[in-house]
Amino acid sequence: MQGSLEKAREDGVAPRWIVASPYLRAQQTARIAARVFGYEEPVLMSTRLVPEAAPIEVWAEVRDMEPDSPLLFVAHEPLLSATASWLIGETRVMINFRPGTLVRIDFDAIGATPQGQHRWTLHAQ
């Protein structure tokens, strides 16, 4: 996983906020990501990122953050696959997550419903 984080950093990824599930493994991964990205803010915790949450709850988390700020969410399956697909307007899972997967989704606007564009997926080696 560290390799995929380093590749993302080399490609210019620089999250303004790192938000993680309250589960221990997500918190550990978020701290690793913070170190790799040189992130100096506290890692934020959100119960909206637990595995049984719904994609619309993750979207609410996005909408509650600073507009136009790059976010890194550290969470779990099946939430991540369902959410990433929903954010790009798909009704079925289109982006499959394995441990250490990073996905970039861009938004032109942060409105009531997401209209994201899937830019890339990076799987851990």
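Ile 95 lies in the loop between helix H4 (79-87) and strand S4 (102-107), where helices (H or I, at least four residues) and strands (E, at least two) are DSSP runs, numbered from the N terminus. The structure is a predicted model, in which local features need pLDDT of at least 70, side-chain atom pairs count only at pLDDT 80 or more, and totals for chains, interfaces and linings use all residues. Residues are numbered from 1 along each chain as its sequence is written, and side-chain values use heavy atoms, with hydrogens and water left out.

- Ile 95 counts as buried because its relative accessibility is 5%, buried being under 20% relative accessible area, exposed over 50% and partly exposed in between (1.4 Å probe, protein chains only).
- Leaving aside residues up to four places away in sequence, Ile 95 touches Ser 81, Ala 84, Ser 85, Ile 88, Val 103, His 118 and Thr 121, contact meaning heavy atoms within 4.5 Å.
- Ile 95 and Thr 47 are separated by 48 residues in sequence and by 22 Å in space, C-alpha to C-alpha.

**The sheet**

- Three strands form an open sheet in the order S2-S1-S3, with parallel pairing; two strands pair if DSSP finds at least two bridges between them.
- Strand S2 (44-45) and S3 stand at the edges with a single partner strand each, so one side of each has no neighbour in the sheet.
- Strand S1 (residues 17-20) runs parallel to S3 and is joined to it by four bridges, while S1 and S2 also pair in the parallel sense, over two bridges.
- Trp 17 stands opposite Leu 71 in S3, whereas Val 19 has Phe 73 as its bridge partner in S3 and stands opposite Leu 44 in S2.
- S1 is covered on both faces, with Trp 17 and Val 19 on one side and Ile 18 and Ala 20 on the other, all of them buried.
- In strand S3 (residues 71-74), by contrast, Leu 72 and Val 74 make up a covered face, and Leu 71 and Phe 73 an uncovered one.
- Helix H2 (residues 24-37) lies across S1, S2 and S3 and runs at about 165° to S1, where axes are lines fitted to C-alpha atoms, for helices over the stretch in contact, and angles run from 0 to 180 degrees between N-to-C directions.

**Helix H1 against H2, and Phe 37**

- Helix H1 (residues 2-10) packs on H2 at an angle of about 35°, with the two axes 9 Å apart.
- H1 passes H2 in a right-handed crossing; a crossing is right-handed if the near helix is turned clockwise from the far one by less than a right angle, and left-handed if anticlockwise.
- Gln 2, Leu 5, Glu 6, Ala 8 and Arg 9 in H1 meet Ile 32, Ala 33, Arg 35, Val 36 and Phe 37 in H2.
- By class, this contact of H1 with H2 has six nonpolar, one polar and three charged residues, with Ala, Val, Leu, Ile, Met, Phe, Trp, Tyr, Cys and Pro counted as nonpolar, Asp, Glu, Lys and Arg as charged, and the others, Gly among them, as polar.
- Phe 37, which is found in helix H2, counts as buried because its relative accessibility is 14%.
- Phe 37 touches Leu 5, Ala 8, Arg 9, Val 13, Pro 15 and Leu 72, residues up to four places away in sequence not being counted.
- Although 32 residues separate Phe 37 and Leu 5 in sequence, they are 7.7 Å apart in space, C-alpha to C-alpha.

- Most peptide bonds, in general, are trans.
- Helix H3 (residues 55-64) and H4 pack at an angle of about 70°, their axes 9 Å apart.
- Pro 55, Ile 56, Val 58 and Trp 59 in H3 meet Leu 79, Ala 82, Thr 83, Trp 86 and Leu 87 in H4, and by class the contact of H3 with H4 has eight nonpolar, one polar and no charged residues.
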